[in-house]
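Me: Could you take a close look at the aromatic side chains in this model and walk me through how they are placed?

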Amino acid sequence: AEALGWVPMDWQREFWDTALEYRKTPNVGLGHAYVRRQAVATVPRQNGKSIALLALAGWAAAKWPRLRVVWVAQERRVATENLKQLYELFTVLDPETSFLSTMGHERIRFSNGSVIEVQSATARAGHGASYDLAVLDETWSLSYAVLQSVVPSQAARPSALLCMISTQGTEESSVLNDLCERGRAGDEHLT
């Protein structure tokens, strides 16, 4: 994040440190496996949620060759704007990074073969692909159909990670509320 001109907040560093905790697994996947496959954080509005996810996705894609990352947000337009912002920052570090946009398929391709792509927050998000990292922005607004579409897209990836950051939402935010409840109850697969 700092290499891109961002000064991370304490909560962002804590989220990254906790979500990215791993153990080495030689000859498996990326050579490591995350301690937890899912990480969830709730943060008040205007506290850098999307930037935390952008930095995480960009760092992972730049670090690990041929990584597949999916970005899902409540509005595709906002997710695409975030992706363009990330692209502009990364072209400074890697001039061979490219932004591709064809008929609703927006993605960044890194020179190491990694890709970050945008998917709409629908029941079809994640279908037909396998992702190493899935980033869900504003999870409070997502339905179980979206989560049930993204999670299986990571089943074949031994080093898969699903990261979600959101404002608290409402009583109707059943996905986020259930995830937070599981985390508070000590679910070992969720941080």
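**Aromatic rings up close**

Reply: Happy to! F110 is buried, at a relative accessible area of 4%; buried means under 20% relative accessible area, exposed over 50% and partly exposed in between, with a 1.4 Å probe and protein chains only. A word on the basis: this is a predicted model, where local features need pLDDT of at least 70 and side-chain atom pairs count only at pLDDT 80 or more, while totals for chains, interfaces and linings use all residues. Residues are numbered from 1 along each chain as its sequence is written, and side-chain values use heavy atoms, leaving out hydrogens and water.

The structure holds 2 aromatic pairs (ring centres of Phe, Tyr or the six-membered ring of Trp within 6.5 Å; planes under 30 degrees apart are stacked, over 60 edge-to-face, the rest tilted). Y87 and F99 make a tilted pair, 5.8 Å centre to centre with 45° between the planes. Because Y87 lies in helix 3 (residues 76-93) and F99 in strand 5 (residues 98-102), this pair ties together parts 12 residues apart in sequence. Helices (H or I, at least four residues) and strands (E, at least two) are DSSP runs, numbered from the N terminus. Y87 is partly exposed at 24% relative accessibility, and F99 is partly exposed at 21%.

F90 and F110 form an edge-to-face pair, 5.3 Å centre to centre and 80° between the planes. F90 sits in helix 3 and F110 in the loop between strand 6 (105-109) and strand 7 (115-120), so the pair links parts 20 residues apart in sequence. F90 counts as buried, at 6% relative accessibility.
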